[in-house]
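Have the viewer open and follow along.

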Amino acid sequence: MTAIQDQTPHHHCYGCGTENEAGLQIKSHWQGDECVCHYLPRPEQSAGPLQYVYGGTIASIIDCHCVNTAMSNYYRREGREVGEAPEIWCVTGKLTVSYLAPTPIEQEIVLRATIEECGEKKTLVKCRAWSGDTQTAEGEVIAIRVPDTWKNGGSGE
């Protein structure tokens, strides 16, 4: 199964862009009504104590996973494949993250996102982050659909 991010051309985002070799390179896939991402943290993403993941990394992967969930949902609603022209882009309008428990750095993080609301230009996505059997964080993202010209420096209007 091809990840959403691998189907998105011109994608340089630090968290999810396939064209950013130094980035996090997350990969998201639909499994029924949930969009799922498996991410293995790297040692340099520690939080001070070397055994835990830095909260900013957790926020970044939640943010990017949710925005890709929203973007791919618009493609699904239009009966098109992700990346098919004209391209659909979403950006973060709001990100809220709650940290529930320390996230161990040596374990894979599993993100599970669901679409809570979807309008013409705004989508609310909720996400839960798990390390093993422990939910370590949860997030909520408002993703805003912007025109295809946004990627070229357009205003998004």
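Contact here means heavy atoms within 4.5 Å. This is a predicted model, in which local features need pLDDT of at least 70 and side-chain atom pairs count only at pLDDT 80 or more, while totals for chains, interfaces and linings use all residues. Residues are numbered from 1 along each chain as its sequence is written, and side-chain values use heavy atoms, with hydrogens and water left out.

Q: Which residues is I26 in contact with, leaving aside its neighbours within four places in sequence?
A: Let's set the close sequence neighbours of I26 aside. The contacts of I26 are then Q5, G15, C16, C37, Y39, I61, C64 and H65.

Q: How far apart are the end C-alpha atoms of helix 1?
A: Helices (H or I, at least four residues) and strands (E, at least two) are DSSP runs, numbered from the N terminus. The expected span of a helix is 1.5 Å times one less than its number of residues. Helix 1 has 23 residues (55–77), so it should span 33 Å, and its end C-alpha atoms agree with that at 33 Å.

Q: Is T123 buried or exposed?
A: T123 is found in strand 5 (residues 122–131). Its side chain joins that of Y74 in a polar contact of 2.9 Å (a pair of N or O atoms within 3.5 Å; within protein, one must be able to donate a hydrogen and the other to accept it, and residues adjacent in sequence count only if both atoms are side-chain atoms). With a relative accessible area of 1%, T123 is buried.

Q: Which residue lies over the face of W30?
A: A charge sits over a ring if NZ of Lys or CZ of Arg is within 6 Å of the ring centre and within 35 degrees of the ring normal. R145 lies over the face of Y74, at 4.9 Å from the ring centre. Over the face of W30, at 3.8 Å from the ring centre, lies R76.

Definitions and conventions:
Buried < 20%, exposed > 50% of the residue type's maximum accessible area, 1.4 Å probe, protein only.
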